[in-house]
Amino acid sequence: MKFKRTQVEDIHINLTPMIDCLLFILVFLLLSTTFNQFSRMNLTLPDAQGVPPKQYDHKIEVVVDASGHYSINGQSIATKDIADLSTAIKQISNDRRDLMFVIAADAKATHQDVIRVMDVAGQLGFVNVNISTKVPSRGYE
């Protein structure tokens with residue numbers, strides 16, 4: 001007696017409907033999503049226009065070099081500590097807060113080092129705080 005063998009058909013899974021559904025969901029999410037744009041501050045930094053510098057008899061000039069070291073009126077400070085910077089400025093100013101306070105920072109000095117000098121000047125009560133700039137050269141370099 002011969003039994004008829006049942007043939008097993010290969011199982012095929014049709015992925016087309018699933019891909020269609022996923023694409024529909026993706027398009028729906030992309031269309032319904034709102035993208036937050038955080039407010040940006042547009043800065044236009046001024047150029048120095050070549051105004052002749054005023055000469056002051058007494059001024060405090062703090063120089064910040066590229067490595068973050070400070071010197072006040074040509075005298076270098078040993079550390080970057082705020083307390084040492086404040087003490088040195090107090091000694092040079094002789095408790096005069098009306099002196100011209102000039103910050104001259106290297107272009108590669110960090111923002112934190114410059115802000116530290118501004119903070120010390122504000123805490124000590126200086127009212128004439130200036131940041132020295134370089135007059136741009138004419139023509140192309």
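This is a predicted model: local features need pLDDT of at least 70, side-chain atom pairs count only at pLDDT 80 or more; totals for chains, interfaces and linings use all residues.
Q: What makes the buried residues of H2 line one face of the helix?
A: Seen down the axis of H2, the buried residues fall within an arc of 165°, so they line one face. These residues are Leu 85, Ser 86, Ala 88, Ile 89 and Ser 93, and they are called buried because each has under 20% relative accessible area.

Q: Against which elements do the buried residues of H2 pack?
A: They pack against E1, E2, E4 and H3, where packing rests on heavy atoms within 4.5 Å. Helix H2 (residues 82-93) itself lies across strand E1 (59-64), E2, E3 and strand E4 (100-105), running at about 10° to E2.

Q: Why is strand E2 said to pair with E3?
A: Pairing requires at least two bridges between two strands, and 2 bridges join strand E2 (residues 70-72) to E3, so the pair meets the cut-off. The two strands run antiparallel, and Ser 71 stands opposite Ser 76 in E3.

Q: Why are strand E3 (75-76) and strand E5 (128-131) called edge strands?
A: The open sheet of 5 strands has the order E3-E2-E1-E4-E5, with mixed pairing, and E3 and E5 each pair on one side only.

Q: How does helix H3 (residues 111-124) run relative to E4?
A: Helix H3 runs at about 170° to E4, and it lies across E1, E2, E4 and E5.

Key. Residues are numbered from 1 along each chain as its sequence is written. Side-chain values use heavy atoms; hydrogens and water are left out. Helices (H or I, at least four residues) and strands (E, at least two) are DSSP runs, numbered from the N terminus. Axes are lines fitted to C-alpha atoms, for helices over the stretch in contact, and angles run from 0 to 180 degrees between N-to-C directions. Buried means under 20% relative accessible area, exposed over 50%, partly exposed in between (1.4 Å probe, protein chains only). The arc is that of the directions from the helix axis to the C-beta atoms.
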